Amino acid sequence: MGEGGGFGGTALEDIPTAGTELSCSMIDKTRAIALRVYPFSTTSHVIVWLTPDRGRLVTTAKGAQRPRSLLLGQYDTFYTCELLFYAREINGLHVLKECEPFETRPRLRSDWRATAMASYASDMLARVALEHHPQEELYNLLTTGLDFVAAAGARPPLLPWFDLALLRI
């Protein structure tokens with residue numbers, strides 16, 4: 001038996017059985033920005049992402065807090081990442097398989113004003129973005145806003161600009 005109780009490295013829950021064709025779909029790949037990270041158990045997280053091609057996407061990162069996990073340190077709020085996940089059709093809670101960060105925006109971890117502005121933008125889009133609908137304009141708006149705050153810090157005109165740009169979409 002391989003890691004995780006599977007055979008040959010494949011976990012048992014990933015092997016489709018009779019009558020589960022809809023619950024276990026395919027492996028999908030997309031670029032996404034982490035909007036929220038919630039604890040799911042002592043070693044796992046639920047992550048809410050915004051993607052340009054799938055809209056809002058919710059994944060579980062099973063065992064992400066274990067010391068030898070491949071996901072440890074690969075995602076956090078405001079990171080732009082490339083995701084590889086098992087798409088689940090029924091309950092909408094997808095399983096994260098791999099995550100590679102492209103943009104970490106370190107300033108958002110050291111400047112509390114910049115973090116507050118980025119949190120406002122992420123929270124607003126987490127509330128408005130739809131699941132299973134392409135949201136490229138929202139994704140681009142958030143990318144532009146986060147990149148600006150990460151580069152220039154907190155600037156008062158950013159929030160009204162963000163709100164007006166969101167209303168135009």
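## Ground rules

Buried means under 20% relative accessible area, exposed means over 50%, and partly exposed covers what falls in between, using a 1.4 Å probe and protein chains only. By that rule, Cys81 is buried, with a relative accessible area of 0%.

Here is how to read the values that follow. This is a predicted model, in which local features need pLDDT of at least 70 and side-chain atom pairs count only at pLDDT 80 or more, while totals for chains, interfaces and linings use all residues. Residues are numbered from 1 along each chain as its sequence is written, and side-chain values use heavy atoms, with hydrogens and water left out.

## The overall layout

The chain holds 3 helices and 5 strands, where helices (H or I, at least four residues) and strands (E, at least two) are DSSP runs numbered from the N terminus. Along the sequence, these elements follow the pattern β-β-β-β-β-α-α-α.

Of the 169 residues in the chain, 41% are buried. Taking a contact as heavy atoms within 4.5 Å, 60% of the contacts between residues at least 6 apart in sequence join residues at least 24 apart.

A disulfide is counted when a pair of cysteine sulfur atoms lies within 2.5 Å, and a search of the whole structure finds 0 of them. The sulfur of Cys81 has its closest cysteine sulfur in Cys99, at 3.6 Å, which is too far for a bond. Cys99 is buried as well, at 8% relative accessibility.

## Around Leu96

Leu96 sits in strand β5 (residues 93-103) and is buried, with 5% relative accessibility. Leaving aside residues up to four places away in sequence, Leu96 touches Ile47, Trp49, Thr59, Thr60, Ala61, Leu71, Leu83, Leu84 and Phe85. The C-alpha atom of Leu96 is also 7.5 Å from that of Lys62, a residue 34 places apart from Leu96 along the chain.

## How the helices pack

Axes are lines fitted to C-alpha atoms, for helices over the stretch in contact, and angles run from 0 to 180 degrees between N-to-C directions. Angles under 35 degrees count as roughly parallel, over 145 as roughly antiparallel, 65 to 115 as roughly perpendicular and the rest as oblique. For residue classes, Ala, Val, Leu, Ile, Met, Phe, Trp, Tyr, Cys and Pro are nonpolar, Asp, Glu, Lys and Arg are charged, and the others, Gly among them, are polar.

Helix α1 and helix α2 (residues 136-152) pack at an angle of about 175 degrees, with their axes 10 Å apart, and α1 is therefore roughly antiparallel to α2. On the α1 side the contact uses Ala114, Met117, Ala118, Ala121, Ser122 and Leu125, and on the α2 side Leu138, Leu142, Leu146 and Val149. These divide into 9 nonpolar, 1 polar and no charged residues. The axes of α1 (residues 112-128) and α3 (residues 158-168) come within 11 Å and cross at roughly 15 degrees, so α1 and α3 are roughly parallel to each other. Here Met117, Tyr120, Ala121, Met124, Leu125 and Val128 of α1 meet Leu158, Leu159, Phe162, Asp163 and Leu166 of α3, giving 10 nonpolar, no polar and 1 charged residues.

## Two positive phi angles

Phe78, in the loop between β3 (55-61) and β4 (80-86), has a phi near 80 degrees, a positive value in a residue other than glycine. Phe78 is buried at 4% relative accessibility. Arg105, found in the loop between β5 and α1, has a positive phi too, near 55 degrees, and is buried at 1% relative accessibility.
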